[in-house]
Amino acid sequence: MTTLKNDRFLRALLREPVDTTPVWMMRQAGRYLPEYRETRGKAGDFLSLCKNTDFACEVTLQPLRRYDLDAAILFSDILTVPDALGLGLYFETGEGPKFKKTIRTEQDVLNLPNFNAKSDLDYVMNAVSTIRSALGGQVPLIGFSGSPWTLATYMIEGGSSKDFRHTKHMLYSQPEVLHALLDRLAVAVIDYLNAQIDAGAQTIQIFDSWGGALAHREYIEFSLNYMQKIVAGLQREKDGRRIPVILFTKGGGQWLEPMIATGADALGLDWTTPLNVARQSIAGRAAVQGNLDPAVLYGSRASIEKSVKAMLDDAYANGETKGYVANLGHGITQWVDPVQPKIFVDTVHEYSAKYLG
């Protein structure tokens, strides 16, 4: 077992003391990096990039060569599970992910095939083990999945959506069908994430990208309850270390209290929730991750430094020095100049010494 040289990210998630605030960026391996675009060009397309172990490993490591990040995240996609369930994932240029088949009826749910993560998504497990080996203990590796609700929206809509018309139609007219789909997906995600942990993932993040599109009661019933089922079903220790679990619901800052009750170790926040308010509300019952607006990275050095310092001031405003990971409030965008993230990362490490030094 390789010794982890930098474990401050894992320690922060478990609310243990750290020497400086750990930082990583959602979607840190992506189109804003010219080396990523070059590798994707060699792969031919996005799915081929995900399914090629060497390419997936390469793009995972690329941002770590540029920035002093405290974690690597598996390069993959949240829609690998629906694709493995036979829906036929493909990508249209400029339109995002689409599926050849949709799930709209009870029979569609019943027709979904059995799922085994280690065999059906072996390319993901190969990527995890290869990346973990290539890291050589430099930083921890994050595995991830989409939440059942988020996966279901893509499967029902057939791709991205602004209003989730078909999904909400099912929710309000045939809730039992949606629950059957969500339960199937929760079981699949548990299997998928446990397989990633077996392959070498050292922490897990569940991306509930569209949970914020739900009304309050519906969020609890159709999104959070299934994430809670996943948390309860995950392997929480490997090689003598705890495997922390992060829940991230975009637009979910108003649901911190029920999110804590899931048993997750950390809650990710988008940029709409004040960190000082969230930290006070959570009161040490979970770690917090977030929450710089990704658009801040379009700004000048001075404006980025100002925003990062303000975020850190909020994170530590209540005198709590444990349990905080700096991150963006959502994924870094493809239009960011690769120079700018370094300002973000370095400012986090340097300025947080004011509170942790």
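Modeller: Seven strands form an open sheet with parallel pairing, in the order β1-β4-β5-β8-β9-β10-β11. Strands here are DSSP runs of E with at least two residues, helices are runs of H or I with at least four, and both are numbered from the N terminus. Two strands pair if DSSP finds at least two bridges between them.

Colleague: Which are the edge strands?

Modeller: β1 (72-73) and β11 (324-328), each of which pairs on one side only. As for the basis, this is a predicted model, where local features need pLDDT of at least 70 and side-chain atom pairs count only at pLDDT 80 or more, while totals for chains, interfaces and linings use all residues. Residues are numbered from 1 along each chain as its sequence is written, and side-chain values use heavy atoms, with hydrogens and water left out.

Colleague: Which strands of the sheet does α11 touch?

Modeller: α11 packs on β4 (141-146) and β5 (203-208), and its direction makes about 170 degrees with that of β4. Contact means heavy atoms within 4.5 Å. Angles run from 0 to 180 degrees between N-to-C directions, and axes are lines fitted to C-alpha atoms, for helices over the stretch in contact.

Colleague: And at what angle do α8 and α11 pack?

Modeller: About 35 degrees, for α8 (residues 122-135) against α11 (residues 175-199), with the axes 8 Å apart.

Colleague: Which residues meet there?

Modeller: V124, M125, V128 and S129 of α8 meet Y192, A195, Q196 and A199 of α11. By class, that contact has six nonpolar, two polar and no charged residues. Ala, Val, Leu, Ile, Met, Phe, Trp, Tyr, Cys and Pro count as nonpolar, Asp, Glu, Lys and Arg as charged, and the others, Gly among them, as polar.

Colleague: Back to the strands. How many bridges between β9 and β10?

Modeller: Three, in the parallel sense, between β9 (residues 266-268) and β10 (residues 287-292). G268 stands opposite Q289 in β10.

Colleague: Which residues does the cis peptide bond join?

Modeller: G290 and N291, with omega at about -5 degrees. N291 is in strand β10. Most peptide bonds are trans.

Colleague: Is phi of R15 positive or negative?

Modeller: Positive, near 60 degrees, in a residue other than glycine. R15 sits in the loop between α1 (8-13) and α2.

Colleague: Next, the largest pocket. How many residues line it?

Modeller: 41, of which R27, R31, D77, P97 and Y154 lie nearest its centre. On a 1 Å grid over the protein atoms alone, a pocket is an open set of points with protein on both sides within 12 Å along at least five of seven lines, and lining residues have an atom within 4 Å of a point. The lining divides into 20 nonpolar, 13 polar and eight charged residues.

Colleague: Which elements give two or more residues to that lining?

Modeller: α2 (34-43), β2 (89-92) and β3 (96-99).

How values were computed: 1 Å grid on protein atoms, 1.4 Å probe; cavity = no way out; pocket = protein on both sides within 12 Å on 5 of 7 lines; lining within 4 Å.
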